[in-house]
Amino acid sequence: MHTIQYMLLGCRLHLVGQGIEDGDNSTITELKQFTLNLEDHASLVGGRLHLEALVETLLPYARHIVSAQAREHKSANGKVSITPWHRGHRLRLWNENGSARNDVQLDDGELANMVRCLDAVIHDPRFQLDITAPPMEGLRERELLNRLPLKRRLAAPLGGLVLTMALVGLGFLVPVPERFRVTDSEEQQEGGAAVELTEEQSLPIELDTESIELNTVPIEVDTVPVEVVPDTDIPDP
Amino acid sequence: MAVLLLLASRLKTHPHPEPAPTVADDIDPLQPQQDDAGFPDRPEPSLIGRHGLQQLDLLMTTLEALDFRCGEGMVASLQQQVATGAMGRVEFWKWRTTNPLRRTMRRNRLKQAQVMTMVALVCDMAARVYPLLHQLVSVREEPSVAEARWALLTRRLQDLIRQRMNPKRAAMQNFADDEYALAMTKTMVRTLIFSAGPGGEQRLLASLQDGMRP
C-alpha cells in the first residue's frame, strides 16, 4: 500500500492505494481509500467513486462561486451534493442506499482548502488515476441574471409595455375613417388604372311623400297659340 | 597594408555579416509587437470581454490592497516568466490600462497569451497571499478582528481605486460608498481565494468569460 498526503491550513487529504514504489515518488494507480480531515471538526472517508464525485461537484461549484453565482451541485452518481447554506456551504456524502453518510457545514475558507487539495490531487503526476477536472466555460447571459439589479432588469420590459399602451391609447383618439366604395361605371371608364372614389351615403333617404303631395301646387301654364309662318326666302342683306 | 588585406578577406567571406541578435528578433506573444498599434490582417479573437478586463484589473488592485508588495511581486514574476527579460513595469502597466475604468486607458486589445499570463499572475499571487485570504473569509476568526481587517482592506482598496480609476464612471463613483465598497471587497476576496493555485486558472478564466457565450 502506498500513501500520498496533501496538507493545506488544517485540511489534510490522505490517499491510500496500490501503485509503484519509488521512494518519495511513489505513484498510486489504484485508490483504496481517501480520508479528508477538516481542522478536526469533520472527517470524510470514501473510495474512488466518492473522490470522483467530489472532484465532479466541488470544482464546478467553486467555479460558480468565482462568478458569484453559487448554486446547488450534485454528482452524476448521486454520491456527493453541495449547496449554499446560510453564510456557508452544506456538503453531503451519500451511501449506496441513499442515506446521508456525512453532512458537513463549511465556511468559505474550509471549502477553499478542500478545493485546493483536490486541485493538487488531479495535477499531481504521482496520482495516476483517470480523474480530471470537468471542463469550465463562461456562463451564459441568462445565467447571470442576478448580476443586474432588479430595477435594471425590469426597466426594459416595463418601458416597452408602457409605450405600447400609450400608442394603443393614442390610436383610439384618432377618428375612424369613413368607408369608401368604387363605382363600377367609373372603374370601367378609367380602365381600372385610376379609380375615383365617391362618398357612399351610409343611410338611405326616406322621402316624406305626404308632405310633398300637400305642398305641391298645380302649375297652370298659359298656353300661347303658336303661329305657323310659311317658309319664305329671306332676302340677302 | 596587412590590416587592409585582412579586412578585405573577411568581407569576401562575410559580405553581409549578420547583425547581433536583439530582443525584438524573437517573436514572443508577450512582447510588444510593431503591429500592436496597426490593424492586423486577421485579428485574433478576444479571449475576454470588457467585463473580464475590468475584473482582472480589479483583482490585481485587490491583491495590492492586501499586500503592497504584490505589485512588485507581479512584475518580478512576469520578468521570470518572459525569458527575454524585456518585460518591465511599463509594459505591465500598459496591459493593465486596457481596463476601461482606468483614469488613463488604452483601447488596444490584449492578446490571448497576454490574458493567460495575467490570469496566471493573479492565481499565483492569490496562492502567495492565501493565508491572508483564508483569515478574512474564515468564520472561526474573532468577529471584531475580522471586521477590523475587512475595514482596513476596504479602505486601502478605496484609496487605490480613487488614485487609479476614472471618477466619472458610475461603477467607480459607487466605491465611495462604504457599504458598496465592502461588498465589492468581499466579492473580490472570495474570487481570489477560489482562484488560488494552478487549478484556479481555469476557474478564473471561465468566470472572466461570463456572458460571452451565445
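# A first look at a predicted two-chain model

In the hairpin that E1(A) and E2(A) build, two residues sit between the strands, and Leu9(A) takes a positive phi near 45°.

**The four-stranded sheet of chain A**

- The strands of this open sheet come in the order E1-E2-E3-E4 (chain A), and their pairing is antiparallel.
- E1 and E4 of chain A are the edge strands, each pairing on one side only.
- From one strand to the next, the twist averages 20°.

**How the strands pair**

- Strand E1 (residues 2–8) and strand E2 (residues 11–20) of chain A run antiparallel and are joined by seven bridges. Here Thr3(A) has Val16(A) in E2(A) as its bridge partner.
- Moving on, E2(A) is joined to E3(A) by ten bridges, again with the strands running antiparallel. Gly17(A) finds its bridge partner in E3(A), namely Leu31(A).
- Strand E3 (residues 27–38) and strand E4 (residues 42–46) of chain A share five bridges and run antiparallel. For Thr35(A), the bridge partner in E4(A) is Val45(A).
- What lies between E3(A) and E4(A)? The two strands form a hairpin with three residues between them, and Glu39(A) in the turn has a positive phi of about 45°.

- Ala68(A) is not a glycine, yet its phi is positive, near 60°. You will find Ala68(A) in the loop between H1 and strand E5 (73–74) of chain A.
- Is Ala68(A) buried or exposed, or something in between? Ala68(A) counts as partly exposed because it has 15 C-beta neighbours inside 10 Å.
- His86(A), also not a glycine, has a positive phi of about 50°. His86(A) belongs to the loop between strand E6 (80–85) and strand E7 (88–94) of chain A.
- His86(A) has 9 C-beta neighbours inside 10 Å, so His86(A) counts as exposed.

**The largest nonpolar core**

- In soluble globular proteins, nonpolar side chains tend to be buried together.
- The largest nonpolar core in this model has 79 residues. Which of them touch the most other members? They are Leu58(A), Leu63(B), Val122(B), Ala126(B) and Leu133(B).
- H1(A) gives the most to this core, supplying ten residues.
- Take Leu133(B) as an example: leaving aside neighbours within four places in sequence, Leu133(B) is in contact with Ala126(B), Val189(B), Leu192(B), Ile193(B) and Ala196(B).

**Where chain A meets chain B**

- How many residues does each chain bring to the contact? Chain A brings 25 residues and chain B brings 25 residues.
- On the side of chain A that touches chain B, helix H1 (48–66) and helix H2 (108–122) of chain A each supply at least two residues.
- H2(A) gives the most to that side of chain A, with six residues.
- Sorted by class, the side of chain A that touches chain B has eleven nonpolar, five polar and nine charged residues.

Terms used:
Residues numbered from 1 in each chain as written. Chains lettered and ligands numbered in written order. Predicted model: local features only at pLDDT ≥ 70, side-chain atom pairs only at ≥ 80, totals over all residues. Contact = placed C-beta atoms within 7 Å. Nonpolar A, V, L, I, M, F, W, Y, C, P; charged D, E, K, R; others polar. Buried ≥ 20, exposed ≤ 12 C-beta atoms within 10 Å, placed from the backbone. Pairing = 2+ DSSP bridges. Core = buried A, V, L, I, M, F, W, Y, C linked by C-beta atoms within 7 Å. Axes fitted to C-alpha atoms, helices over the stretch in contact; angles between N-to-C directions.
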